[in-house]
Amino acid sequence: PALGARRAAAADPFLPLSAREAAASEEGRQRTLTTLLEKVEGCRDLLPESPGKYLVYNGDLVEYDADHMAQIQRVHAFLMNDCLLVATALPNRRGAYRYDALYPLDGLAVVNVKDNPPMKDMFKLLMFPESRIFQAENAKIKKEWLEVLEETKRSRALSEKRRLEQEALPRPAPLPPESTNPFEEEEEEEEEEEEHSSEEEVVDLSLEWIQELPEDLDVCIAQRDFEGAVDLLDKLNEYLGDKPVSQPVKELRAKVDERVRQLTDVLVFELSPDRSLRGGPRATRRAVSQLIRLGQSTKACELFLKNRAAAVHTAIRQLRIEGATLLYIHKLCHVFFTSLLETAREFETDFAGNNGCYSAFVVWARSSMRMFVDAFSKQVFDSKESLSTAAECVKVAKEHCKQLSEIGLDLTFVIHALLVKDIKGALQSYKDIIIEATKHRNSEEMWRRMNLMTPEALGKLREEMRSCGVGNFDQYTGDDCWVNLSYTVVAFTKQTMAFLEEALKLYFPELHMVLLESLVEIILVAVQHVDYSLRCEQDPEKKAFIRQNASFLYETVLPVVEKRFEEGVGKPAKQLQDLRNASRLMRINPESTTSVV
């Protein structure tokens, strides 16, 4: 039976080979490899024939999805002395295969997968940047695969070690131990011996951990043990130190550098926005810290900030716009500024020793603020919310922005600069509404006293005027529920003071002239109407009533506006003072029909 099995193997190279059959002659192995190249489509160019390459083992396997453990496809794997070829069966062509993947043994790690019925007889192959799970036909074949893979990898590493030792042979042999005695040798010979021993130390790469280093790095990378990989690199760098670089060391460095590139790539991928953004800034700490250890702090900084920008953008986009605008703005500010604060603190932790990265963070923070303001303005200003709602929303944003001062980051000026255009537009728009309303009331002006009918209504008006800052309103109230003022002037007072209060919530220095000019424009509409009416009215009683309204505007309302403006802004406004002083001209020549303002 054993003889029959060997003949079958010779007749068909794609039958599984046992360990004994793997020890066939060099010529037989070469013939087997040639047959393989003919049977697998698409691999001839990728797998050229070479004198040292031969087939070690092969067999059918079933591939499973690593995440969901669902069956993917049936494959045939071919293990050669230096690589593993995976091929898929061609439909309707028995014994024919199509090339799928080729993995050098240097970068391949094999991991046994414990049986967990119904999933059993499986093993995992790890190779950057992926891993694949295969199922053998039974436990015996799985065991053979694991053994032959490990044995072939060891043989490959051993032959590589021998090659390195062979290349190191031409080196001068070290002097005999007794020659190290400085009392028996000349000083010149002693120096020469030290040079030789130093050179011997440089090329001594036969230590087991150094021989296994490339493979250990592959396993660390495949298993996402980033810290372990960088620890191994640090150990090697410490071992080699400042020693002169010989040819074997160069070759080792070349192998290690390839792994460093692989490790860098996988760390970069870990920080890419394509990865899950859950877990907040701390989730990136592992990858960032290892990139910094690899001397890639600039790249780590760039990728960290790009990752956080994507996370902030996603968080803002996922916020549901529902209910009142102010409620949405509270949520938006909480999500954005909390994320910004967390990112800043994580940045300070990760890049504490890299002062050069801080400017990049400031640039990133400004860019993120622009993204926030876009979402903010779209909801608050584009939807034409009332000025009071807009003012409340801006106040909330400014209060959240102040939280960043806890970590020494003041972005208030940035949010001002980004919002100034929208706020300016909102102020001017609301100013136009007030002016139109005032003009409409002026057109219907009858110059009659107000009769509020009930004490409750009068009490409510008193409270409203008090909240506007008009403390001497009682002197304008008459008997019963009468008010010795025009409805137009009272409505103007309430609307103007409400505008000023909301505008002061929105105020910052860049808006000073916009607010001031808007106030002056609003006030002029009222005082010009009163002045004109005073000059044109012929009825003595009505004229006295108009003068009383003019006195209320100039001596009560305008001083209150000036005082409140100065309190809110921090300095007086000459334009408002000049407007109030214009009343002197009216008192000097009240009969003039020429405008005084």
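Analyst: In what follows, a cavity is a set of points where a 1.4 Å probe fits but cannot get out. Please keep in mind that this is a predicted model.

User: Thanks! What volume does the second largest cavity have?
Analyst: A search of the whole structure turns up 3 cavities of 30 Å³ or more. For the second largest cavity, the volume comes to about 40 Å³.

User: Which elements give two or more residues to the lining of the second largest cavity?
Analyst: The lining is made up of N442, T488, V489, F492, A526, H529, V530 and L553. By class, these residues divide into 5 nonpolar, 3 polar and no charged. The elements that supply two or more of the lining residues are α16 (487-506) and α17 (512-536).

User: Let's turn to the largest pocket. Which residues that line it are the closest to its centre?
Analyst: The volume of the largest pocket is about 580 Å³. It is lined by 26 residues, and the closest to its centre are A157, L158, Q211, E212 and E215.

User: Which element gives the largest share of the lining of the largest pocket?
Analyst: Two or more lining residues come from each of α3 (139-168), α5 (208-211), α6 (213-222) and α8 (247-270). The largest share is 10 residues, and the helix that gives them is α3.

User: How many charged residues does the lining of the largest pocket have?
Analyst: Sorting the lining by class gives 9 nonpolar and 2 polar residues. The count for the charged class is 15.

User: Which domains does the largest pocket lie between?
Analyst: The way to tell is to ask which domains give residues to the lining. Both of the domains in question do, so the pocket lies between domain 1 (26-161) and domain 2 (208-308).

User: Could we step back to the whole protein chain? What percentage of its residues are buried?
Analyst: The chain holds 20 helices and 10 strands. It exposes about 32,000 Å², with carbon and sulfur atoms supplying 50% of that area. Of its 597 residues, the buried share is 43%.

User: Is Q379 buried or exposed?
Analyst: Q379 sits in helix α12 (residues 358-380). Leaving aside neighbours within four places in sequence, Q379 is in contact with I321, T325, Y328, I329 and E385. The relative accessible area of Q379 is 16%. Since buried means under 20%, Q379 counts as buried.

User: Which residues does Q575 touch, not counting those up to four places away in sequence?
Analyst: Q575 lies in helix α19 (residues 574-581), and with a relative accessible area of 36% it is partly exposed. In sequence Q575 is 58 residues from E517, while in space the two are 8.6 Å apart, C-alpha to C-alpha. Beyond residues up to four places away in sequence, Q575 touches M513, L516 and V520.

User: And what distance separates the C-alpha atoms of R580 and L558?
Analyst: R580 is placed in helix α19, and it is partly exposed, with a relative accessible area of 27%. Not counting residues up to four places away in sequence, R580 touches Y554, L558, P559 and E562. Along the chain, R580 and L558 are 22 residues apart. The separation of their C-alpha atoms is 6.4 Å.

Methods: Residues numbered from 1 in each chain as written. Predicted model: local features only at pLDDT ≥ 70, side-chain atom pairs only at ≥ 80, totals over all residues. Heavy atoms only, no water. Helix = DSSP H or I, 4+ residues; strand = E, 2+ residues; numbered from the N terminus. Buried < 20%, exposed > 50% of the residue type's maximum accessible area, 1.4 Å probe, protein only. Contact = heavy atoms within 4.5 Å. Areas by Shrake-Rupley, 256 points an atom, 1.4 Å probe, with all protein chains shown as cover. 1 Å grid on protein atoms, 1.4 Å probe; cavity = no way out; pocket = protein on both sides within 12 Å on 5 of 7 lines; lining within 4 Å. Points joined across faces, edges and corners; volume = space filled by probe spheres on them. Nonpolar A, V, L, I, M, F, W, Y, C, P; charged D, E, K, R; others polar. Domains from an automatic or database assignment.
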